[in-house]
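Below, some terms used for a structure are taken up in turn, each set against its definition.

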Protein chains: 4
Amino acid sequence: MSIKLGKNTYGKNSVNLSKIIRHPDYHEFRQISVNVVLEGDFETAHTIGDNSKILPTDTQKNTVYALAKEHFVSSIEAFGLYLANYFISNNPPISQARIEIAEHSWQRMRFNGTEHPHAYCSGGAEKHTATIIQNEKGIEVTSGINDLLILKTTDSGFENYIKDNFTTLKETSDRIFATQCEVSWTYNSSNVLFTELFNGIRTTLLQTFADHHSLSVQHTLFAMGEAVLTKFAAVNEISLKMPNKHHILFNLEQFGMDNKNDIFIATDEPYGYITGTIVRE
Amino acid sequence: MSIKLGKNTYGKNSVNLSKIIRHPDYHEFRQISVNVVLEGDFETAHTIGDNSKILPTDTQKNTVYALAKEHFVSSIEAFGLYLANYFISNNPPISQARIEIAEHSWQRMRFNGTEHPHAYCSGGAEKHTATIIQNEKGIEVTSGINDLLILKTTDSGFENYIKDNFTTLKETSDRIFATQCEVSWTYNSSNVLFTELFNGIRTTLLQTFADHHSLSVQHTLFAMGEAVLTKFAAVNEISLKMPNKHHILFNLEQFGMDNKNDIFIATDEPYGYITGTIVRE
Amino acid sequence: MSIKLGKNTYGKNSVNLSKIIRHPDYHEFRQISVNVVLEGDFETAHTIGDNSKILPTDTQKNTVYALAKEHFVSSIEAFGLYLANYFISNNPPISQARIEIAEHSWQRMRFNGTEHPHAYCSGGAEKHTATIIQNEKGIEVTSGINDLLILKTTDSGFENYIKDNFTTLKETSDRIFATQCEVSWTYNSSNVLFTELFNGIRTTLLQTFADHHSLSVQHTLFAMGEAVLTKFAAVNEISLKMPNKHHILFNLEQFGMDNKNDIFIATDEPYGYITGTIVRE
Amino acid sequence: MSIKLGKNTYGKNSVNLSKIIRHPDYHEFRQISVNVVLEGDFETAHTIGDNSKILPTDTQKNTVYALAKEHFVSSIEAFGLYLANYFISNNPPISQARIEIAEHSWQRMRFNGTEHPHAYCSGGAEKHTATIIQNEKGIEVTSGINDLLILKTTDSGFENYIKDNFTTLKETSDRIFATQCEVSWTYNSSNVLFTELFNGIRTTLLQTFADHHSLSVQHTLFAMGEAVLTKFAAVNEISLKMPNKHHILFNLEQFGMDNKNDIFIATDEPYGYITGTIVRE
């Protein structure tokens, strides 16, 4: 029984790039982090140290900066598509290029109702993400949102679950539901209106979360995914990861006080972690 | 020459508390992290393990949760003042109570121009901070902002500095200026309109940053502090810490391309770090 | 075309547990973090909010603490096997239990050549990991190491790679090779000597890294995996993830000085990222 | 009442530098992070954007790398002394230079009792620190340890403290005592044997922690400081910061089980935080 190389990848992670796009009346500031992940005919690099088919990760990095000049002009999806195709087209040993881009959120400062032409505030930790995979089977575009930190103070409960010897959780019909969501969805084409779709899907996710009468995290997760698939025909499937950012009722009764669902301990660990993919049949 | 205890403190850090304040037409969600830092007559605890004057940090934590029920109803400054006074008044060995509160930013979701009654999005990493120090000399209130991540794409330069044998930086009259600011200011009274002042000071800081013709980080730091002192008589002095979040021009010339100040490498380390306090004379 | 639930999981993450095992002459201190990840018949929880088949993640957490009392007495693999089987056996809706455990490293303090009976120093960020998956197909045990931060100052080069228009990297036959390795391997049985094998495999990985004449990260990654498979028949396959912690030569020549491969800039981002699985054929 | 500049500093933080020192039979690998913090006559930089007295932080960074070539050859204290003096001596506007260095811990790999000549494992998060302050009053050298993560499983209790209405903590004569210590001490001279002293002081701190019959964190903190001052005449004073890394007894009684002080919940927040300086009188 011999030993051999199985699945392998290499690339450059966290290529942090910012760009100013100068419009007539304002500066558009964009900040992204790019990962390049390549697969291909790299077996001899592993087995005998033959680098003749290896495009150095340093060169990959340079390529991202250089191509951003002309080709990062609209959505991160469009830039990712260009990058993936560039790596595949220019390097025969590469059979698959995977480009992952996360875009930081920056918002123009607003004073007296007017946006400043070149001053920005951070839009928070939330990031718009895109993953482009190009190989001989074709091109797949996945978009998403990372670190979408959302919360509702009511219209969320958790009851009628299994009880056993180790159960101590009390049932509740009214709890805080908070999560730092990671969402991603695949499109059925690489030629859609990425920015418009992203904005529409984000709003649909938020509105469903806000308005859903939640009986569990699972229940709301499914509703959010279903709403997106129902409304956006261009979306094939959607995956949500929802860590439960627990806000636990503080026991005020032990001090002779009443906790009318108002004082909570916010905890980070341990945390419930719910994931699900919603698909079309 | 004998050995003895010098300055010492103890307390509970990161008491993470959230509260729902139920208004007739919406839920106000607040999330804070509280540090309690006590000084006093604690020498024998150190020298002979006598805990008779020690209020356990666990009890401090319980106190924060319990008092939040009735007394965390408006600003974090007001809650901090109540807490500091409570610890001092109820524990004779304590000579100074320092309460540090950082409030997370949450924003009500907005759909079609209307705020949702109970669904929230994170307002980002930026935090409103307050530090209350109460001792026999009186009470000092410091408010501030942490993790204020701001950026301008132009109207910032850095020229005419010292050159020596180790200089490689090129002068520029047009660069990106980005910083993750930490600001704090002291009030001349513990009886001011904390929330209104905070909002006014924050806007003044942002607007000064946005509109300043910056010749250096120092230059803008001073202008921001000066603007606050000029406009807000209730502020005694203001301190700013401004790490320079460098965006370095990527060298496209090496590829025969032109970098018209548009493609940058965003770096985290090393970073310039500028601090200054602006005072009244 | 209807919409339905695809793959989904839920569970509790980061159940942080510590245990003292009291031996006649010393205290053994263990600290672990446990994730429970369950799959099964949970469709109605998603679609209609029916929680009747849901074992709350809070109960999962309690179960981990309670079962640790009697059953966390030797390796994390053995404890994981017990937990996975417990969840499957006691909850019919669960079709798969995945238990992930990471063990923190603690080392007994040593004074004058003698280990202290109950005082410990941290063993660093490196963690021993184990993942147990139990379902109707059987049981799979994966062990591994996270955050294995290793470095060699020489016997590593990178030459003869592809050059193109965006190449700026210089070839070198002598560079620093540093990586924060994540390694995992599967056993061909759930009844092996986990602790002895772990220690042997860890040593083999380190020794191969140390002694390998490295022509690239890929080259050494493969050698490390191959050495483990060659030496340990109980291992089916092994995967390594090797981020390149770059130490880049500082340009001293610009100051008229010579950099004889001795002064480096240590950077975190961007970083090369090499992954590979080595298998038996 | 006019507005003016108060205390201000600027400099470069996180200058991450690694160095190989080649000995006849092995390679010594050193990795440090350097902060340069300057004070001086910088008022016009703030008030009118006059940079003529400003040594750019980029040049400070270059200086650190360049001077490391000849002058980072032994302790970080010695290198810090050289750097502080260099900045002061070569730049008249600078009235004070503060150099902060943290050294990462790397340990040579050891196989069959022999140290490998050029392969290293991380020594963990613990860092040796040094701060040098040079100004017209002279030179002050502070050394220390950051992230010293230590723990004892017994010989620690906490009893006889204040009880009030908010007390829920139970007294215990036997608990886990864990802390991620930050220690720093000042020397009475800048001409001592830094490395030997550091090693001796570190051992004294560990041994005192291990052997102390602890009645509180304060009690052990003082004992550790006192032991160092007693044993090392070169040390003027010592400060310790001891966050309490709580390991809380899990309530097994609720499941009809017994917790004989063996199963604990490890928590990060909230945490007790004890600080103290021990001085000579």
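Q: What makes strand β6 (residues 177-187) of chain B and strand β7 (residues 235-243) of chain B a pair, and in which sense do they run?
A: Two strands pair if DSSP finds at least two bridges between them, and β6 and β7 of chain B are joined by six bridges in the antiparallel sense, so they pair by this definition. Strands here are DSSP runs of E of at least two residues, helices runs of H or I of at least four, both numbered from the N terminus. This is a predicted model, in which local features need pLDDT of at least 70 and side-chain atom pairs count only at pLDDT 80 or more, while totals for chains, interfaces and linings use all residues. Residues are numbered from 1 along each chain as its sequence is written, chains are lettered from A and ligands numbered from 1 in the order in which they are written, and side-chain values use heavy atoms, with hydrogens and water left out.

Q: Which strand does β7(B) join through six bridges, besides any other partner?
A: Strand β10 (residues 271-280) of chain B runs antiparallel to β7(B) and is joined to it by six bridges; in β10(B), B:Thr275 is the bridge partner of B:Lys241.

Q: Why is A:Asn261 called buried?
A: Buried means under 20% relative accessible area, exposed over 50%, and partly exposed in between (1.4 Å probe, protein chains only). A:Asn261 has 16% relative accessibility and therefore counts as buried. The residue is found in the loop between β8 (247-249) and β9 of chain A, and has a positive phi of about 60° although it is not a glycine.

Q: Why does B:Asn112 count as exposed?
A: The relative accessibility of B:Asn112 is 77%, so the residue counts as exposed. B:Asn112 lies in the loop between β3 (94-111) and β4 (114-135) of chain B, and its phi, near 50°, is a positive value in a residue other than glycine. Most residues other than glycine have a negative phi, and most peptide bonds are trans.

Q: Where is a cis peptide bond found in chain A, and what is its omega?
A: The bond joining A:Glu269 and A:Pro270 is cis, with an omega of about -10°, and A:Pro270 has its place in the loop between β9 (263-266) and β10 (271-280) of chain A.

Q: How many residues of chain C are in contact with chain B?
A: Contact means heavy atoms within 4.5 Å, and five residues of chain C are in contact with five residues of chain B.
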